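The sequence and structure are shown here for reference.

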Amino acid sequence: MAVLRFLSTAELLKQGAEARLYRAEFLGKPIIIKERFPKRYRHPELHDKLNSHRTVHEVRSILRCRRAGISAPAVYFVDYKYHCIFLEEIVGSSTLRDHINSHQYYNSCADEGLHKLAERVGQILAKMHDENVIHGDLTTSNILLRHGPEDTEPELVFIDFGLSYISALPEDKGVDLFVLEKAFLSTHPNTDVLFEKLLKSYTATSKMSSAVIKKLDEVRLRGRKRSMVG
């Protein structure tokens, strides 16, 4: 009940289909709280089992990334009874989505800074997949740029591991890349050259890239066949 009392004093930021996000302060630090709330149409036992499973996977993926040197929010506290995760708030950050959009508006995809950023995303994603972490919801909104002092590169922070899991299968990694590709090109039209730069960087960095890219090509083909059939 202490967690529920704490949530009642926190600022509700948004509510999605599966979880609510709150802003609060915990042990003197700014945090984001993710609460997986009950669904009335779902049996209570099924709800607890499903949300406990998702919470465990989310925390496990974040911790595995951080151990590998991949920037992700610190986990301060987890309540498995109420399915709450207390996460570091990435203060002073902006989304990769907003960053790309602003550069597209003022410049173009020929911007050298965007190309370097795409390369860095590819390198980090390759490292994540080599750790067998499947993000599950890769979009440019789930990658943050944490800005430091001027004339320094912003730190790339991956967030929202709610659909993540651990898998060594090239198929799962290929699907992860396909999800990012679809989100990337639909959110940022005419950025094919940027995504190709990202993929080249991924291929050069990952130890298992050949098998993953082969699976990505297969997933793309399946997607095209489905769209042709309608």
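This is a predicted model: local features need pLDDT of at least 70, side-chain atom pairs count only at pLDDT 80 or more; totals for chains, interfaces and linings use all residues.

When neighbours within four places in sequence are left aside, Phe-158 is in contact with Ser-71, Ala-72, Pro-73, Val-121, Ile-124, Met-128, Leu-138, Asn-142 and Ile-143.

## Aromatic pairs

The count of aromatic pairs comes to six. Phe-26 and Phe-77 form a tilted pair, with 6.2 Å centre to centre and 40° between the planes. Because Phe-26 lies in strand S2 and Phe-77 in strand S4 (residues 75-79), this pair ties together parts that are 51 residues apart in sequence.

Phe-26, at 19% relative accessibility, counts as buried, whereas Phe-77, at 33%, counts as partly exposed. Ring pairs also link Phe-6, Phe-26, Phe-77 and Phe-86 into a cluster.

## Largest pocket

The largest pocket has a volume of about 890 Å³, and its lining is made up of 32 residues, of which Lys-14, Leu-21, Ile-32, Ile-159 and Asp-160 lie nearest the centre of the pocket. Among the elements that give two or more residues to this lining are strand S1 (11-15), strand S3 (29-36) and helix H2 (44-67), while S2 gives the most, with four residues.

By residue class, the lining of the largest pocket divides into 12 nonpolar, eight polar and 12 charged residues.

Terms used: Residues are numbered from 1 along each chain as its sequence is written. Side-chain values use heavy atoms; hydrogens and water are left out. On a 1 Å grid over the protein atoms alone, a cavity is a set of points where a 1.4 Å probe fits but cannot get out, and a pocket is an open set with protein on both sides within 12 Å along at least five of seven lines; lining residues have an atom within 4 Å of a point. Grid points are joined across faces, edges and corners, and a volume is the space filled by probe spheres set on the points. Ala, Val, Leu, Ile, Met, Phe, Trp, Tyr, Cys and Pro count as nonpolar, Asp, Glu, Lys and Arg as charged, and the others, Gly among them, as polar. Contact means heavy atoms within 4.5 Å. Rings of Phe, Tyr and Trp (its six-membered ring) pair if their centres lie within 6.5 Å; planes under 30 degrees apart count as stacked, over 60 as edge-to-face and the rest as tilted. Buried means under 20% relative accessible area, exposed over 50%, partly exposed in between (1.4 Å probe, protein chains only).
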